[in-house]
Amino acid sequence: MFPNLFLLRASVSLRALGTALSFVTLFATGSAYGETALTPTQSFFSHARFVDAKLSPDGKAVGMLATGREGRLVLAVMDLASKQVDVVGSAKNADIGDFHWVNSQRLVFSTTDRRTAAGEVRYYPGLFAVNRDGGEARMLVERSPWQADTTGTSIKNLVLPGNTFFKAVDRSGKSDDIFVEQTVFDVARDLRAIRLLTLNTKTGRASAYDRPGDTVEWVIDAAGVPRINETLHDGISEIFYRDPATDKWRKLASFEAYTGAGGFAPYGFGPDGKLYVEAHNGRDTNAIYRYDFEKNAIEPEPLIAADGYDFHGSLVFDNVRKILVGVHYETDAEGTVWFDPEMKKIQDAVDALLPRTVNTLSFGASSKRETVLVRSYSDLQPVMFYLFDTASGSLSLIGNSHPDIDPKKMSAMTMVHYKGRDGLDIPAYLTTPRGVPKKNLPLVVLVHGGPYVHADGWRWDPEVQFLASRGYAVLQPEYRGTTGYGTRHFKAGWKQWGLAMQDDIDDGARWAIAQGIADPKRIAVAGASYGGYATLMGLAKDPELFRCGVEWVGVTDINLMYQSDWSNDMSAEWQHFGMPVLIGDQIKDAEQLKATSPVNLANRIKQPLLMAYGGSDRRVPLAHGKNFLSAVRATNDKVEWVEYLEEGHGWILEKNRFDFWARVEKFLDANMGSSH
């Protein structure tokens, strides 16, 4: 039906699994390269070999996304009783991108291509369905790049156009239906709205739902009914509720989209029909609240809150008993709180077997928890997947994302705090090289992108661990504007590009010097996107502090971000209503934007600099790099430039990641040396 897409019913036993898939490496904990002085660059920046695992709703099978013998990601299903494994989805010319259990017998999956960079992508992910034994396979959404918009409430063609993407499954676990979304673009090719459809994975038949406006988010209740609709227009978000009494949409709230003032974000419905929302509700940090539809208001007291942190995580429901049984959360690190005594007992047992890792448990939505899936990781250990047998208390390893990484050679990460020059508390993650005294080290201040995101965290990070393995301490500042630390921390970064946000980054380096951790003569600043911008601003503003810099895909001219053309993927909505508030108004703040654009400060930068850009980047188009390069080379002959023509906003291809980080290693060693 669709050649080269499926390799079906490739059944093997667990013992012989390695002959069909690269799962044989999953049981290795040491490096495949042997005991060498340094872990090879490739070990850090290779694609993950085992990507994901999910239990079926009945808890009797586990779906696994891992590397097959041809080097492509494949979808396999293991029957837990027999340990039989079926490869149910594979492609010769693509990787399996993501998958979901529709019910206990059927799955859906999309495709991707880890061998194709952004500039060479000419297809959509598509969507395909297959039974857990490999039967009844069919294409649901085409991979063709030619979008065919559909209209009306009934979609009759049995293969949907490529602009259709998976949204959710029917949470009852008894239906063959799923929900999919279709993108609706305006004449400028900006996303205008998202259309929701229900799609039967066996017949391919679909039907669309009505929407109250320019929908950007749908929330579906436990009964499989779209109940909440969030629209966005002219910088205003509106929340609508489909009232079961009238079956009509009614407005619950309206607020500024980009500041979020007075608003809330729908989290989802519990199996009891209650709506859970994320809101500040008068607090500095946001929390999880229940929403009262009779009063049309958020309940006054939070259900879930974390002191000093915005809520970031997920709620765990028991769909059979229709109750909330636990919360996965992230503060300085991830963790879980269980309200259910049985799950707490299981968590304690798993943590006793894996005492030095974060262990996140999941189970089949309708199962009796005889088998629990464990996702385990730490700052030293990349993600690994286990199955825990609750009856025997045994733990079985089924997947290791990076088997070439030896945790015993990795470096510990800790959260620290320091004060910005105006007294604001700045959290940061600090990693120091293993086996080296934490004194007088060469330091890399690694700045996350965004900037208005929560990007860093306590986990195995290939960039951080690579730098630490080469002898560098790494400081990752959670500068003002970073989300996750409350409203005050977030708002303190508004219109502060190159100003107070930059001060926070520079003050982090000075804190490390004052603590005796960093050698004041060997400090580098590095980062991508906004982190690349901050690298250039740090070199220009603090030439005595930073000895050199590494920046990739970095913004160099703030005003270029406001341009609307084919090469820029910034939406008109964000440019008109978000950027003037958070970054700066092009008219009112014209002088500030000019003074804080690195392209206008290039003559100040005399330090060695490594720059890298993607030729197909639409987030930070190549002009940012080229214009700055021309300006800086007029007064600085210590600038290295690399361009990956096929790449976009970051490096997809392994060969480019290997090349770039080898260049970084050589550059830092030449300009700072290391303690290794």
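How many nonpolar, polar and charged residues does the lining of the second largest cavity have? By class, that lining has nine nonpolar, no polar and no charged residues, where Ala, Val, Leu, Ile, Met, Phe, Trp, Tyr, Cys and Pro count as nonpolar, Asp, Glu, Lys and Arg as charged, and the others, Gly among them, as polar.

This is a predicted model, in which local features need pLDDT of at least 70, side-chain atom pairs count only at pLDDT 80 or more, and totals for chains, interfaces and linings use all residues. Residues are numbered from 1 along each chain as its sequence is written, and side-chain values use heavy atoms, with hydrogens and water left out.

Across the whole structure, a search finds two cavities of 30 Å³ or more. A cavity is a set of points, on a 1 Å grid over the protein atoms alone, where a 1.4 Å probe fits but cannot get out, and its lining residues have an atom within 4 Å of a point; the volume is the space filled by probe spheres set on the points, which are joined across faces, edges and corners.

| Cavity | Volume | Lining residues |
|---|---|---|
| Largest | about 40 Å³ | S43, S46, H47, R49, S401, H402, P403, D404 |

The elements that give two or more residues to the lining of the second largest cavity are β32 (441-447), β35 (548-552) and α11 (654-671), helices (H or I, at least four residues) and strands (E, at least two) being DSSP runs numbered from the N terminus. With three residues, α11 gives the most to this lining. The lining of the largest cavity, by contrast, divides into one nonpolar, five polar and two charged residues.

Elsewhere, strands β15 (residues 215-220) and β16 (residues 226-233) run antiparallel and are joined by five bridges, strands being paired if DSSP finds at least two bridges between them. I220 has P226 in β16 as its bridge partner, and in the hairpin of β15 and β16, with five residues between the strands, G224 takes a positive phi near 85 degrees.

Definitions and conventions: 1 Å grid on protein atoms, 1.4 Å probe; cavity = no way out; pocket = protein on both sides within 12 Å on 5 of 7 lines; lining within 4 Å.
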